[in-house]
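Let's take a look at one strand and the parts of the chain around it. Have the sequence and the 3D view ready.

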Amino acid sequence: MDFGLVLQTDPPGAATVGLMRRAERNGFRYGWTFDSPVLWQEPYVIHSRILAETDRLTVGPMVTNPGTRSWEVTASTFATLNEMYGNRTVCGIGRGDSAMRVAGRPPTTLARLGEAMRTIRELAEGRETVVDGTPLRLPWAVGGRLPVWMAAYGPKALALAGREADGFILQLADPLLTAWMVRAVREAAAGAGRDPAEVTVCVAAPAYVCEDTPEALAHAREQCRWFGGMVGNHVADLVARYGEHSGAVPEALTSYIKERDGYDYAHHGRAGNPDTAFVPDGIVDRFCLLGPVSAQLARLRELADLGVDQFALYAMHDAKEATVDAYGASVVPELG
C-alpha cells in the first residue's frame, strides 16, 4: 500500500511545503492538496515548490474540477510540471464542491467531467484532441504522462470512474462502503472491456494517532468531525438525486445527514466547523482512522484486502506532524 498526505494550502505556503518534505522523509509517496482557489492559496504554485524540494513525491490536487479552469490550462499546468520534474504528477478530479459552490456555480455534470478527464489527459500527454469544437495539441508536451484519478460516491459517478479513470478516489475509510464502491468501479471497468486491476484505488480520510482512552478518542473525534460534514455535502446531492431509501446508495452512507441543516464553506475542512454538529461519533469512527497505531493498522489491512492501493491521510487537525511521524515510524514500514 502506498501512503499520501492531504493538506489544505493555507498560508504560509512554505508550511505546506515543509509538511510535504516531512511526509517524504517518513516514506509517503504522494502529496495531495485541496484545490479551491477562493478558500485557499493556488495549489499548483505550491506543487512546483514541493516538487523542487522533494525527490520522489508525486503531487496532485484532491481534487480539481472541470469548471474553475479551462481544460487546456489545467493540462498545460500538469505538462509543465512533468517536464520540469519528471512525470511526478497525478490529476485528481471530481465534479467540484467547494470550488464551484463558493463561486456561486453548481458542480459540473458527469458528462462534462468525463469529457474533461479525456481531454486533460490527451493534451497533457501531447496528443491532439478537440476542445469546444477546436482541435488542440500542446506541441511542446513530449514524453509526459498524466494519470487521471476520479473522486466518486454515487452509482453513475462510480460507473464513470470505472469506465474512464486511471484511478478512483474514495473520500472515506469505512470498509463496508469501500467494498460496495470498489466493487461498482471494478464491475464498470470490466463492462467497458478494461482490466479492473488497472484502476488504482485510493482511500482518503483523516487519521489521528492517539491513545486508546475515552478522553483522547473524544478529542480526536472533535478534530476530525469536519470530515463527516464535508462528505455530507456529497451525500446530500446523492439523496436529492436518488432518494434516501431508493436502494441505489447504501443507507449506511445516507442516513446520517437527516439532521444536516445547511453548510457554510467558510469553515470547510476545518476542526471545530460549527456546521458539522449533526455528524454522530459513529460516523467519525467509521469514516476516519482514530486511535493507536495498532487499531489503524488493523483497519488499513482490512482496506488493503478490499483492493485499496493507497491511503491518503488528511491532516487538518492539531497533530499533523505527530501523525505523519507515527505513520513513518510504524505504519509505512509495516504496510508500505
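## Who pairs with β11

Strand β1 (residues 2-7) runs parallel to β11, and five bridges link the two. Strands here are DSSP runs of E, at least two residues long, while helices are runs of H or I with at least four residues, and both are numbered from the N terminus. Two strands count as paired if DSSP finds at least two bridges between them.

A quick note on the model: it is predicted, so local features need pLDDT of at least 70 and side-chain atom pairs count only at pLDDT 80 or more, while totals for chains, interfaces and linings use all residues. Residues are numbered from 1 along each chain as its sequence is written, and side-chain values use heavy atoms, with hydrogens and water left out.

## Is β11 buried or exposed?

Five of the five residues of β11 (residues 310-314) are buried, so the strand is largely enclosed by the rest of the structure. Buried means under 20% relative accessible area, exposed means over 50%, and partly exposed is in between (1.4 Å probe, protein chains only).

Both faces are covered: Gln310, Ala312 and Tyr314 are buried on one side, and Phe311 and Leu313 on the other.

Asp309 lies in the loop between α11 (293-305) and β11. Asp309 is partly exposed, at 34% relative accessible area. Beyond its neighbours within four places in sequence, Asp309 is in contact (heavy atoms within 4.5 Å) with Met1, Asp2, Val199, Thr200 and Val201.
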